[in-house]
Amino acid sequence: VHYADLAANTPAETSALIRTRVNAARACQRRRFAGTAVPHNAAMGVREIRQFCALDSAGERLLEQAMRHYGLSARAHDRIRKVARTIADLAGAETIAAAHLSEAIQYRTLDRV
């Protein structure tokens, strides 16, 4: 979250609006995994991560840099991609954008502090 967003005098997102976004993301995940044993993004295995968490070349470079810089493990790599997929779902995006990936990396690095 950017400081300007925290300091702004604009009203915060309501709980009802957040609930609507979360329900839409859950519905998206149900459609994505229909007919499989995977119930949601967090339960994806390597095969599903490769299929549903594709990154463009800029995203691949960003994740590679984060892996090197923070010394992240293969497990962290997979978790970042899954979290980025969920962030994209909450935003209603079909693909994972650099902003979604950056946010996921940021959450992972907070775990290390």
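Q: Is Val83 buried, partly exposed or exposed, and what is its relative accessible area?
A: In this predicted model, Val83 is found in helix H5, which covers residues 74–90. A residue is buried under 20% relative accessible area and exposed over 50%, with partly exposed in between. Val83 therefore counts as partly exposed, its relative accessible area being 35%.

Q: Which residues make the nonpolar surface patch of about 280 Å²?
A: A patch residue needs over 30% relative accessible area, and Val83 has 35%. The nonpolar patch is made by Val83, Tyr107 and Leu110.

Q: Where in the protein is confidence lowest, and where is it highest?
A: The protein averages a pLDDT of 92, and 96% of the residues score at least 70. Confidence is lowest in helix H1 (residues 3–7), with a mean of 77, and highest, at 97, in H5.

Q: What distance does H5 reach from its first C-alpha to its last?
A: H5 has 17 residues. At 1.5 Å a residue, 24 Å is expected for this helix. The value in the model is close to that, at 25 Å.

Q: Which residue follows H5, and what is its phi?
A: H5 ends at residue 90. The helix is followed by Gly92, whose phi is positive, near 75°.

Q: Which residue forms a salt bridge with Asp89 from a distant part of the chain, and how far apart are the closest N and O atoms?
A: Asp89 belongs to helix H5, while its partner lies in helix H2 (residues 15–32), 57 residues apart. Both residues of the pair are buried. The partner is Arg32, and the closest N and O atoms are 2.8 Å apart.

Q: Are Arg85 and Asp89 buried or exposed?
A: Arg85 and Asp89 lie four residues apart in helix H5, about one turn of the helix. Their side chains meet in a salt bridge, at 2.9 Å from N to O. Arg85 has 3% relative accessibility and so counts as buried. Asp89, at 5%, likewise counts as buried.

Q: Which residues are linked in a network of salt bridges?
A: Asp89 forms a salt bridge with Arg32. The side chain of Asp89 also meets that of Arg85 in a salt bridge. The linked residues are Arg32, Arg85 and Asp89.

Q: What is the relative accessibility of Glu64, and what is that of Arg68?
A: The side chains of Glu64 and Arg68 meet in a salt bridge of 3.0 Å, N to O. Because the two are four residues apart in helix H4 (residues 57–70), about one helical turn separates them. Glu64 counts as partly exposed, at 46%. Arg68 counts as exposed, at 59%.

Methods: Residues numbered from 1 in each chain as written. Predicted model: local features only at pLDDT ≥ 70, side-chain atom pairs only at ≥ 80, totals over all residues. Heavy atoms only, no water. Patch = residues over 30% accessible without salt bridge, like charges linked within 9 Å, V, L, I, M, F, W, Y side chains within 5 Å. Areas by Shrake-Rupley, 256 points an atom, 1.4 Å probe, with all protein chains shown as cover. Salt bridge = Lys/Arg side-chain N within 4 Å of Asp/Glu carboxyl O. Buried < 20%, exposed > 50% of the residue type's maximum accessible area, 1.4 Å probe, protein only. pLDDT = per-residue confidence, 0-100. Expected span 1.5 Å × (residues − 1).
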